Amino acid sequence: MLKIATWNVNSIRKRIDQICNFIIDNQIDIILLQETKCTEKQFPYEEIKKLGYKCAVYGQVARNGVCVLSKYLILEKFKIDIVEGYQEARYIECVVKYNNQKIRVVSIYVPNGQSPDSNAFAYKLKFFDNLYEKIINLLKNEELTIVAGDYNVALDGIDVFNPILLNGKVCFHIREREKLRAILNLGFKDAFRISNPDLQQFTWWHYQGNSFRNNQGMRIDYMLLSPQAADRLETCYIDDKLRKLKNPSDHTPVVCVIE
């Protein structure tokens, strides 16, 4: 079994101990992190190498940032700017060698969008359009592929605490939901929803207003699997224990197990 996790850590240097403990305690083979919020020179390589893991990092000063940490050899890595003219560390793609098989993994951090009437929201929609084209090319490879991370969109009513209240707001606006749905319609599968078709569980809660205590959250972090990966899916679950820690990220990990 191969255990793969995704987690928006909201600053890797602040939470490096939490990350290392999570990897060890849960025997994670590959973890895809978002919002690392540091340059590649600032990245905590030593702590990761002590675990025996390899790193592929796309960093940026104080914001964004994505990386792949793998127990197994990383054969190739690609740092890609999804929208031309916007050099932001939001997409890193790696080919990992596992038992003489190649597995392609992507750590992705989709822009938040700020508000539906903003330029940032238009950029978010453009990001999704370009990601759609990228996904088409990934599917052509017919490989075991996992595109996981913070998509900053809750797909359906079950994925938010109050769909009526949040309808039309950023991260639950119909236009961005349609963009994510279009990617799924290409053939990638939502691993959590395959394993838990009727379960309402969230991956993000605001720091303010006792949102976590009141479970006023959203499921905006996804493990999207190519058909080849979906066929081998054993299970997928959200681990919300880390949101209960002192000084937590506002997100919690999603974990999938591939046979």
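Residues are numbered from 1 along each chain as its sequence is written, and side-chain values rest on heavy atoms, with hydrogens and water left out. Because the model is predicted, local features need pLDDT of at least 70 and side-chain atom pairs count only at pLDDT 80 or more, while totals for chains, interfaces and linings use all residues.

Searching the whole structure turns up 15 salt bridges (a side-chain nitrogen of Lys or Arg within 4 Å of a carboxyl oxygen of Asp or Glu). One of them pairs Lys 71 with Asp 29, with the closest N and O atoms 3.3 Å apart. Lys 71 sits in the loop between β4 (66–70) and β5 (74–79) and Asp 29 in the loop between α1 (16–26) and β2 (30–34), so this contact ties together parts that are 42 residues apart in sequence; helices (H or I, at least four residues) and strands (E, at least two) are DSSP runs, numbered from the N terminus. Asp 29 is buried at 5% relative accessibility, whereas Lys 71 is partly exposed at 33% (buried means under 20% relative accessible area, exposed over 50%, partly exposed in between, with a 1.4 Å probe and protein chains only).

Then there is Asp 190 with Arg 219, at 2.7 Å from N to O. Asp 190 belongs to strand β9 (residues 189–190) and Arg 219 to the loop between β11 (217–218) and β12 (221–225), so the parts tied together are 29 residues apart in sequence. Both Asp 190, at 9% relative accessibility, and Arg 219, at 1%, count as buried.

Asp 239 and Lys 241 also pair up, their closest N and O atoms being 2.9 Å apart. Salt bridges with shared partners also link Glu 93, Arg 104, Lys 134 and Glu 143 into one network.
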